[in-house]
Amino acid sequence: MSQPTAAALPRKSSIGRPIAISNWLYSVAFLVFIMVIVGGITRLTESGLSITEWKPVTGALPPLSEAHWLSEFEKYQQIPEYLEINGPAGMTLADFKFIYFWEWVHRLLGRVIGLAFALPLLWFAVKRAIPSGYGWRLVALLALGGFQGAIGWWMVTSGLSERTDVSHFRLAVHLLTALFILGGLVWTALDLRQLAKGDDRSARLTGLGLIISFVLFLQLLFGAYTAGLNAGYVSNTWPLMNDFFIPGGIDWTGGLWTALNNDPYLIHFIHRWWAWVTVGFLVILARKVRQQDRRASVAIHSAFGIQILLGIATVMTGVNIHLAVLHQAVGALVVASAAWGLHLLGRRPA
């Protein structure tokens with residue numbers, strides 16, 4: 001019997017179960033997508049400060065008795081949001097239970113995602129099913145997910161003592177980290193699918209891909225600022241803002257940099273018009289990858305097209321909560337589809 005040639009032997013990096021791990025990563029990415037939606041609901045219902053303590057283990061259970069509910073409500077009554085806003089507005093225990101529910105679900109889902117990543121990762125590691133070169137990447141994603149929980153608490157603490165809401169800078173870090181994790185999960189899953197086809201060369205971020213990523217990052221950053229500063233409420237007209245292209249009311253007293261990072265009128269203006277710059281670059285991306293995989297091109301076009309319509313509708317309805325949540329959800333789909341396109345763009349020819 002003839003011996004197999006070296007070319008016929010499997011490469012070391014192809015050992016493992018790349019398709020199974022890829023499918024698992026897609027499942028975790030879906031959970032992160034749901035997390036982004038719940039995070040949007042938590043923000044829009046002003047629920048984020050309802051749980052004033054971080055208890056990673058015991059906090060998984062909600063209050064189970066009336067006495068426990070009253071204790072949690074008393075803790076909430078000590079923070080500025082209650083003292084200056086919800087208390088004077090007549091918040092009841094039933095009102096508190098509503099906002100507590102959404103923050104509890106948000107944190108519980110974070111724990112579920114952690115387990116959904118850590119336990120299968122451990123199983124794949126024990127079974128030696130992780131392809132060579134991917135272990136460090138999966139551990140890095142797990143570590144980033146754990147760090148995201150700490151970022152979330154860091155964000156919450158900004159609203160517990162001196163402010164009536166969380167810092168929009170910390171909210172931006174929290175949201176952008178979630179979207180980065182989503183993109184990383186999609187990218188790694190796609191690399192593993194290529195590996196299953198016998199191509200062990202991971203995709204790379206090209207020069208054009210880096211530019212597109214930066215343009216999209218700025219749009220997401222100003223979107224997070226818009227959410228954190230409630231800047232969507234400063235105008236409910238489109239395309240003009242309160243009858244002007246450049247809105248009145250921008251506070252320039254602290255200089256351009258301060259206005260760019262803190263003024264709701266300027267931030268809203270940038271977010272609504274930088275969107276078209278982002279669309280232009282996403283169109284370029286979609287056209288570049290169409291020949292490789294038409295599905296990715298369709299996904300990119302569909303995601304940003306729906307997102308633009310939702311953004312306009314959100315503004316013109318005075319930030320309708322359902323439209324605003326959908327706007328954040330589709331924003332996550334824009335990131336996922338862009339990651340798909342950037343991965344195609346960065347695949348090296350055989």
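A: Arg201 and Asp199 form a salt bridge, with their closest N and O atoms 3.1 Å apart. A salt bridge here is a side-chain nitrogen of Lys or Arg within 4 Å of a carboxyl oxygen of Asp or Glu. The model is predicted, so local features need pLDDT of at least 70 and side-chain atom pairs count only at pLDDT 80 or more, while totals for chains, interfaces and linings use all residues. Residues are numbered from 1 along each chain as its sequence is written, and side-chain values use heavy atoms, with hydrogens and water left out.

Arg201 is partly exposed, at a relative accessible area of 33%, whereas Asp199 is buried, at 17%. Salt bridges that share partners also join Glu53, Lys55, Glu72 and Lys75 into one network. Buried means under 20% relative accessible area and exposed over 50%, with partly exposed in between (1.4 Å probe, protein chains only).

The salt bridge count by this rule is 9. One of them is between the side chains of Glu53 and Lys75, at 3.0 Å from N to O. Glu53 sits in the loop between helix H1 (18–44) and H2, and Lys75 in helix H2, so this pair ties together parts that are 22 residues apart in sequence. Helices are DSSP runs (H or I, at least four residues), as are strands (E, at least two), numbered from the N terminus. Glu53 is partly exposed at 31% relative accessibility, and Lys75 is partly exposed at 26%.

Another salt bridge is that of Glu66 with Lys97, whose closest N and O atoms are 3.8 Å apart. This pair links distant parts of the chain, as Glu66 is in helix H2 and Lys97 in helix H4, 31 residues apart. Both residues count as partly exposed, Glu66 at 44% and Lys97 at 29%.

The axes of H2 (residues 66–76) and H4 (residues 93–126) come within 11 Å and cross at roughly 85 degrees. Axes are lines fitted to C-alpha atoms, for helices over the stretch in contact, with angles from 0 to 180 degrees between N-to-C directions. H2 and H4 are therefore roughly perpendicular to each other; angles under 35 degrees count as roughly parallel, over 145 as roughly antiparallel, 65 to 115 as roughly perpendicular and the rest as oblique.

In this contact (heavy atoms within 4.5 Å), Glu66, Trp69, Leu70, Glu72, Phe73 and Tyr76 of H2 meet Leu93, Phe96, Lys97, Ile99 and Tyr100 of H4. By class, the contact has 8 nonpolar, no polar and 3 charged residues. Ala, Val, Leu, Ile, Met, Phe, Trp, Tyr, Cys and Pro count as nonpolar, Asp, Glu, Lys and Arg as charged, and the others, Gly among them, as polar.

The whole structure has 18 aromatic pairs. The ring centres of Trp24 and Phe117 are 4.8 Å apart and the planes lie at 50 degrees, so this pair is tilted. Trp24 is in helix H1 and Phe117 in helix H4, so the pair ties together parts that are 93 residues apart in sequence. Trp24 and Phe117 are buried. Trp69 and Phe96 form an edge-to-face pair, 6.3 Å centre to centre with 90 degrees between the planes. Trp69 lies in helix H2 and Phe96 in helix H4, so parts 27 residues apart in sequence are tied together. Rings of Phe, Tyr and Trp (its six-membered ring) pair if their centres lie within 6.5 Å; planes under 30 degrees apart count as stacked, over 60 as edge-to-face and the rest as tilted. Trp69 is buried at 14%, and Phe96 is buried at 0%. Ring pairs link Trp69 and Phe96 with Phe73, Tyr76, Tyr82 and Tyr100 into a cluster.
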